[in-house]
Amino acid sequence: MPETTDPDPAARPVPRINTAIPHPARIYDYLLGGKDNYAADREAAEHLLKVSPGTREGVRAHRAFLRRAVRHLATEAGMTQFLDIGTGIPTQGNTHEIAQQANPRARVAYVDNDPIVLVHGRALLTGSPTGMTSVIEADMRQPKAILSHPEVRGVIDFDRPVAVILAGVLHFLTDEEDPYGLVETFKAAVPSGSHLLLSHITLDFAPEVREEEFTKPYDNSTAPMVPRSLDQVLRFFDGWKVLEPGVTEVVQWRPDQYKDRERIPGGHAWAYGALAVKP
């Protein structure tokens with residue numbers, strides 16, 4: 001029998017899930033108490049907790065902001081279509097659950113670039129019988145591919161108002177990747193009356209923390225972290241009307257009177273959040 005040779009390593013297929021490299025969605029999952037994470041993700045998360053002991057509570061506060069904002073969109077704003085980009089690994093209080101509680105006919109298209117999210121999403125993100133939910137694997141760095149995707153188009157009618165959700169994802173884009181241009185592409189694709197739900201990590205509330213120390217856990221991950229200031233976050237809403245109370249810390253955005261409040265060590269969630277509507 002002829003001797004077999006190992007194929008060229010460069011020609012081997014690259015595993016689509018690399019458990020040795022931290023991934024933002026899995027770090028987030030660990031901080032929320034989930035189980036869909038690996039040693040590299042847990043190590044990165046524990047480093048964050050050392051730098052900022054309130055990280056876990058801040059992540060939960062961020063998730064609570066998302067729930068409140070989606071609830072507003074589905075009830076007071078009357079939105080029935082949601083494009084959730086960078087959804088992360090499914091957990092309690094997903095966008096479709098909140099939206100379809102208000103309107104069982106609400107439609108939600110989820111987008112994430114982590115194959116694990118796709119696997120869990122298709123198993124768990126099932127909508128109401130009268131609504132519609134889809135999950136696709138795509139990267140927010142390619143907005144035109146998302147906007148033209150047949151599964152997205154099958155759920156979202158871009159001739160009617162759409163709620164575009166970019167919660168906790170834009171800080172994983174460097175300035176060189178043109179995050180403002182990407183957001184403008186999504187904004188331009190939806191009609192008047194559409195909404196933008198956006199949240200973003202900041203160090204404005206922690207001037208004593210060095211950025212390079214805070215972002216270090218993401219240096220070797222699938223995406224670096226880039227905190228941005230209030231003025232930088234405001235730029236994402238250019239041309240749209242920001243709803244009250246404006247761009248504010250997520251814990252201060254229309255907080256519930258008796259729930260969704262976290263005791264955060266240091267007192268801040270280190271993230272801005274806001275809703276805006278297209279004129």
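Which residues of H4 are buried? They are Thr-95, His-96, Ile-98, Ala-99 and Gln-100. The model is predicted, and its protein chain has 10 helices and eight strands. Of the 279 residues in the chain, 52% are buried. Among contacts between residues at least 6 apart in sequence, 76% join residues at least 24 apart.

**Confidence**

- The protein chain has a mean pLDDT of 81, with 77% of its residues at 70 or more.
- Residues 1–15 have a pLDDT below 50, and this stretch makes two contacts in the model beyond near neighbours in sequence.
- Residues 258–262 also have a pLDDT below 50. Beyond near neighbours in sequence, that stretch has nine contacts in the model.
- Where pLDDT is low, the predicted coordinates should not be read in detail.

**Helix H1 and its surroundings**

- Helix H1 covers residues 24–31. Seven of its eight residues are buried, which leaves the helix mostly covered.
- The buried residues of H1 are Pro-24, Ala-25, Arg-26, Ile-27, Asp-29, Tyr-30 and Leu-31.
- Pro-22 sits in the segment before H1. Pro-22 counts as buried because its relative accessibility is 9%, under the 20% cut-off.
- Pro-22 and Ala-44 are 22 residues apart along the chain, and their C-alpha atoms are separated by 6.8 Å. Ala-44 belongs to H2 and takes part in the contact of that helix with H1.
- After H1 comes Gly-33, which has a positive phi, near 90 degrees.

**Packing of H1 with H2**

- The axes of H1 and helix H2 (residues 39–51) come within 9 Å and cross at roughly 65 degrees.
- The crossing of H1 past H2 is right-handed.
- On the H1 side, the contact is made by Arg-26, Ile-27, Tyr-30 and Leu-31. On the H2 side, the residues are Asp-41, Arg-42, Ala-44, Ala-45, Glu-46, Leu-48 and Leu-49.
- By type, the residues of this contact are seven nonpolar, four charged and no polar.
- The four residues that H1 brings to the contact, Arg-26, Ile-27, Tyr-30 and Leu-31, are also listed among the buried residues of H1.

**Packing of H3 with H4**

- Helix H3 (residues 55–74) and helix H4 (residues 95–102) pack at an angle of about 35 degrees, and their axes are 9 Å apart.
- H3 passes H4 in a crossing that is right-handed.
- H3 contributes Arg-67, Val-70, Arg-71 and Ala-74 to the contact, while H4 contributes Thr-95, Ile-98, Ala-99 and Ala-102.
- The contact residues of H3 and H4 comprise five nonpolar, one polar and two charged.
- H3 is one of the elements against which the buried residues of H4 pack. The others are strand S1 (81–85), strand S2 (107–112), strand S3 (132–137) and strand S4 (163–167).

**Thr-202**

- Thr-202 is in the loop between strand S5 (195–201) and helix H9 (211–215).
- With a relative accessibility of 0%, Thr-202 counts as buried.
- The side chain of Thr-202 reaches the backbone oxygen of Arg-228 at 2.8 Å.
- Apart from neighbours within four places in sequence, Thr-202 is in contact with Pro-227, Arg-228, Ser-229, Trp-270, Ala-271 and Tyr-272.

**Backbone features in loops**

- Most residues other than glycine have a negative phi, and most peptide bonds are trans.
- Asp-178 is not a glycine, yet its phi is positive, about 55 degrees. Asp-178 lies in the loop between S4 and helix H8 (179–188).
- Asp-178 counts as partly exposed because its relative accessibility is 42%, between the cut-offs of 20% and 50%.
- Arg-254, also not a glycine, has a positive phi of about 45 degrees. Its place is in the loop between S7 and strand S8 (271–277).
- At 30% relative accessibility, Arg-254 counts as partly exposed.
- The peptide bond from Glu-244 to Pro-245 is cis, and its omega is near 10 degrees. Pro-245 is in the loop between strand S6 (241–242) and strand S7 (248–249).

Key:
Residues are numbered from 1 along each chain as its sequence is written. This is a predicted model: local features need pLDDT of at least 70, side-chain atom pairs count only at pLDDT 80 or more; totals for chains, interfaces and linings use all residues. Side-chain values use heavy atoms; hydrogens and water are left out. pLDDT is the predictor's confidence in each residue, from 0 to 100. Contact means heavy atoms within 4.5 Å. Helices (H or I, at least four residues) and strands (E, at least two) are DSSP runs, numbered from the N terminus. Buried means under 20% relative accessible area, exposed over 50%, partly exposed in between (1.4 Å probe, protein chains only). A polar contact is a pair of N or O atoms within 3.5 Å; within protein, one must be able to donate a hydrogen and the other to accept it, and residues adjacent in sequence count only if both atoms are side-chain atoms. Axes are lines fitted to C-alpha atoms, for helices over the stretch in contact, and angles run from 0 to 180 degrees between N-to-C directions. A crossing is left-handed if the near helix is turned anticlockwise from the far one by less than a right angle, and right-handed if clockwise. Ala, Val, Leu, Ile, Met, Phe, Trp, Tyr, Cys and Pro count as nonpolar, Asp, Glu, Lys and Arg as charged, and the others, Gly among them, as polar.
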